[in-house]
Structures are given as structure tokens and as C-alpha cells.
Amino acid sequence: NDAAEDSIQNGLGRLTSLKVNQTLDFTKNQEARMLRYDARNRGGGVLGIPTPWDWLTAKTTGIHPGQFWVFAARKKIGKSWFSFHFGLNAWARGTPTLIVSMELAQSIVEDRLDALGAKVPYRGFKRGDLTELERQRVTAWIDSTKNGAPFHIMTKKEIKTPQDLKISIRSLQPKLVILDGLYLMQPNGRAGNALWERVTQL
């Protein structure tokens, strides 16, 4: 009917306007481009959040707003450790950080972060079998976490779908989100039973 056609036309008009408004005019953004270069110059070539490794930061210029990084590997290869290292490094540099683990309990995430932060063997930390010097490092590290940027940890108890994550991000306002175990998240809508079907709909 006419009302439906008008609604569709209005929607298409808004979409076209949005696309035009978001189109970059290269001839009119000189100031923004110079500011971006000057920021790189001041930061030694780094614009984003530095990674734990200088070589990777040099290749990528850091983690930038809106980017989606994926670390993929076989099970039990160290993906969680790798991603937690990223999060801890960013937080230590003053970046508000959110870690969401779909695989591990909150206490295990805390233990891994504390072992990384204190630079002590995780096996000894987990068993309560550290040397006195290592225990002192743990004490100093845990005490130091009283200060600094916000650092939140959530698990599959709080986060089950992308919508849950979106709501939490809006509330906590982190600058970096680490999602450990993306494949375990459930799509917002109806999905197939196969793992690949769920992942493709996230």
C-alpha cells in the first residue's frame, strides 16, 4: 500500500543521506591528516594501544579504536595467556580494559593475571609453592593494582551473547575489550547446532 511504500522510500532516503554524510572528502580534511601525523611523530610512530611486543607494535602502530583482532590456534596452545598478556600490558599503560572469558572462571583469570603481573611461575603460584622472594613480588604486585585505570573481568556467567557484551561495554566504557573463547558465545538470535553455524552468526 501507499503507506508501506512511503516508509520504504523514507528509509532508503535516510540510508543514502547517512552514506553521503559519512563519505570522506579528501580535499577538506588537511588539518586532521596533519594532526594524525604529528601524533605519530610524538608517539614514536605509535598511534594506538601498544602491544606487549615492540616488533608487533612497530608493524601495526598499536591497537586502534574499532579494530577487531583475532588470535586463532589449536586448543591448549596458550591463546588465553596470550590475550591476557595483551590486556594486562594495555592496562599497565593506563588503558581501561575489560576481559571476558567464556572458558575460565573469574578466579582463574585473576590468578593468571597476578602470575603475569608479578612475573612468577604460574604453576608455583597456583599450588601456593613460591619462594619467599616470589611471594614478595606477588604481594607488591597485588598491592599495586589498587591504583590505575579500570580493569574489569567478566565470564560466561554474565556474558552469553553479543548483546550482553554490547550492554556491558556501554556501561563500563573500556578502551580495550579482550574476549577469550569467542566460539563459545551464543548468537543473539536463533542459530544452528553446529559450531561453525554459531560462530558465523556472532
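Reader: Why does K157 count as exposed?
Author: Its relative accessibility is 71%. Exposed means over 50% relative accessible area, buried under 20%, and partly exposed in between, with a 1.4 Å probe and protein chains only. K157 is above the exposed cut-off, so exposed is the word. This is a predicted model, where local features need pLDDT of at least 70 and side-chain atom pairs pLDDT 80 or more, while totals for chains, interfaces and linings use all residues. Residues are numbered from 1 along each chain as its sequence is written, and side-chain values use heavy atoms, without hydrogens or water.

Reader: Where is K157 found?
Author: In the loop between β2 and α8 (162-172). Helices (H or I, at least four residues) and strands (E, at least two) are DSSP runs, numbered from the N terminus. K157 and Q106 are 51 residues apart in sequence, yet their C-alpha atoms are 9.5 Å apart in space.

Reader: What makes R112 count as buried?
Author: R112 has 15% relative accessibility, which is under the 20% cut-off, so it counts as buried. It lies in helix α5.

Reader: Which residues are in contact with R112, leaving aside its neighbours within four places in sequence?
Author: S80, W81, F84, L104 and Y122. Contact means heavy atoms within 4.5 Å.

Reader: How do you know that the span of α4 agrees with its number of residues?
Author: The expected span is 1.5 Å times one less than the number of residues. For the 14 residues of α4 that should give 20 Å, and the end C-alpha atoms are 20 Å apart, so the two agree. After α4 comes G94, with a positive phi near 95 degrees.

Reader: Which residues of α4 are buried, and what covers them?
Author: S80, S83, F84, F86, G87, L88, N89, A90 and W91 are buried. Their cover includes α3 (54-60), β1 (97-101), α5, α7, β2 (151-155) and β3.

Reader: What makes a set of residues a nonpolar core?
Author: The members must be buried Ala, Val, Leu, Ile, Met, Phe, Trp, Tyr or Cys, joined through side-chain atoms within 4.5 Å. The largest such core here has 22 residues, and F84, I99, V109, L113, V120 and L176 touch the most other members. At least two residues each come from α4 (79-92), α5 (106-118), α6 (122-127), α7 (132-144) and β3 (176-180). Helix α4 gives the most, with five. Another core, of seven residues, lies apart from this one, with L98, V100, M102 and M154 among them.

Reader: Which residues does L113 contact, leaving aside neighbours within four places in sequence?
Author: F84, L88, I99, W141, F151 and I153.

Reader: Why is α5 called roughly perpendicular to α7?
Author: The helices pack at an angle of about 110 degrees, with axes 9 Å apart. Axes are lines fitted to C-alpha atoms, for helices over the stretch in contact, and angles run from 0 to 180 degrees between N-to-C directions. Under 35 degrees is roughly parallel, over 145 roughly antiparallel, 65 to 115 roughly perpendicular, and the rest oblique. The angle falls in the 65 to 115 range, so α5 is roughly perpendicular to α7.

Reader: Which residues meet there, and how do they divide?
Author: L113, D114, G117 and A118 in α5 meet R137, V138, W141 and I142 in α7. Five are nonpolar, one is polar and two are charged. Ala, Val, Leu, Ile, Met, Phe, Trp, Tyr, Cys and Pro count as nonpolar; Asp, Glu, Lys and Arg as charged; the others, Gly among them, as polar.
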